[in-house]
Each structure stands twice: as structure tokens, then as C-alpha cells.
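Hi everyone, thanks for having me.

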Amino acid sequence: AEEALKQAEKLVADATAAIKTTPETKQAATKAAAESAAKAKAASEAVAGPAKAASEAEALAKTAAEKLAAAKTALEKKSDDNDLIAAKAAAEKSAEEATAKAKAALEAKTVAEKAAADATAKAQTDAEAQKVAEKAEADAPAKLKEAEKKKEEAANKSKEASKKAEPRDV
């Protein structure tokens with residue numbers, strides 16, 4: 001009975017401490033959730049620029065490839081035309097540069113999308129942590145009340161046990 005009383009007193013102390021610390025924990029979780037949500041929004045918005053650049057670079061690469069194909073076709077008909085040879089060489093160089101730019105733009109878009117996905121995942125995790133902290137704060141008074149009730153029951157059992165242990169006059 002004494003041990004049960006000590007454990008009940010510890011529960012009350014822990015529940016009392018929780019009531020004091022849960023508002024701070026909730027406040028920190030709320031702040032972290034708000035910050036990560038803002039970062040996720042900014043990262044998602046930041047994808048638009050690289051996505052547009054990648055789309056434009058891919059369009060330029062396609063146009064350059066079409067010009068190169070046209071130059072090759074024309075050169076097949078007139079293989080000794082110096083102007084066509086120069087046009088083909090220029091078209092090859094342009095196509096290579098456009099392809100390289102498209103590849104780089106696509107990589108930048110991929111990096112931006114990954115950053116946005118990571119930021120969104122962190123925002124979701126922080127939002128969950130905020131919910132847990134809010135629940136803990138809401139549950140703390142009930143837990144304290146339950147702990148105090150258990151302490152009172154343990155104290156009563158301890159009193160009864162000590163009364164039974166007292167010697168009786170016959």
C-alpha cells in the first residue's frame with residue numbers, strides 16, 4: 001500500500017509537470033509547423049521558374065533538332081554546297097547547346113521539385129507534431145485529475161492497511 005501511494009504521488013507530480021510544460025511544447029510545435037508550412041509553400045512556388053525554363057529549353061532543343069534534320073536533308077541533295085555544309089555545322093552546334101541547356105534546366109527543375117517535396121513532407125510531420133502537442137495539452141488536466149484520484153485511493157488503502165496492522169485490545 002505504501003509503494004502504491006508513492007507511485008500515485010509520482011504520477012501526480014508527473015502530471016503536474018506535464019501541465020506546466022505542454023503549453024510551451026505546443027507553442028514550439030505550432031511555430032515549427034507554421035514555419036515549415038511557409039517553407040513548403042515557398043518551395044512549391046519556386047518550382048514554377050525552373051519548370052518554365054525547362055519547358056522553354058526543351059522547345060528550343062526540339063526546334064534546333066528540326067533545323068539540323070532539315071540541314072542534313074538539304075545537304076543530302078547537294079553534298080558539295082559549302083553554304084549547306086556551314087548551315088549543317090551551325091545547326092549541329094546549336095542543337096548540342098540547346099540539348100545541354102534543356103538537360104541542365106530539367107535537372108534544376110528536378111532539384112526544385114525534390115526540395116518542394118521534402119519541404120512538404122517536413123510540413124506534414126510538423127503539423128502532426130503540432131496535433132500531438134495540442135492533444136497532450138488538452139489531455140493533461142484529465143490525466144492530472146486521474147492521477148490525483150489514484151493517489152487518494154492509494155492513500156485510503158494505506159490508511160486501512162495501517163489500521164488493520166494496529167494491535168487491538170481484547
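Okay, let's start with Lys-149, which is partly exposed, with a relative accessible area of 49%. To be called exposed, a residue has to be over 50%, so at 49% Lys-149 stays in the partly exposed class. Keep in mind that what you're looking at is a predicted model.

Where does Lys-149 sit? You'll find Lys-149 in helix H3, which covers residues 82-165. Now look for Ala-8: along the sequence, Lys-149 and Ala-8 are 141 residues apart, but in space their C-alphas are 8.8 Å apart.

Next up, helices H1 and H2. H1 takes in residues 2-46, and H2 takes in residues 48-77. Their axes come within 5 Å and cross at roughly 15°. An angle under 35 degrees counts as roughly parallel, and therefore that's what we call H1 and H2. Who makes the contact? On the H1 side, it's Ser-44, Glu-45 and Ala-46, and on the H2 side it's Ala-48, Gly-49 and Pro-50. Sort that contact by class and you get 3 nonpolar, 2 polar and 1 charged residues.

Let's stay with H2. It has 30 residues and reaches 44 Å from its first C-alpha to its last, close to the 44 Å expected at 1.5 Å a residue. Which residues of H2 are buried? They are Pro-50, Ala-54, Ala-57, Ala-61, Ala-64, Leu-68, Ala-71 and Leu-75. Here's a handy bit of background: an α-helix has 3.6 residues a turn, so residues three or four places apart point the same way. And what do the buried residues of H2 pack against? They pack against H1 and H3.

Notes:
Residues are numbered from 1 along each chain as its sequence is written. This is a predicted model: local features need pLDDT of at least 70, side-chain atom pairs count only at pLDDT 80 or more; totals for chains, interfaces and linings use all residues. Side-chain values use heavy atoms; hydrogens and water are left out. Helices (H or I, at least four residues) and strands (E, at least two) are DSSP runs, numbered from the N terminus. Buried means under 20% relative accessible area, exposed over 50%, partly exposed in between (1.4 Å probe, protein chains only). Axes are lines fitted to C-alpha atoms, for helices over the stretch in contact, and angles run from 0 to 180 degrees between N-to-C directions. Angles under 35 degrees count as roughly parallel, over 145 as roughly antiparallel, 65 to 115 as roughly perpendicular and the rest as oblique. Contact means heavy atoms within 4.5 Å. Ala, Val, Leu, Ile, Met, Phe, Trp, Tyr, Cys and Pro count as nonpolar, Asp, Glu, Lys and Arg as charged, and the others, Gly among them, as polar. The expected span of a helix is 1.5 Å times one less than its number of residues.
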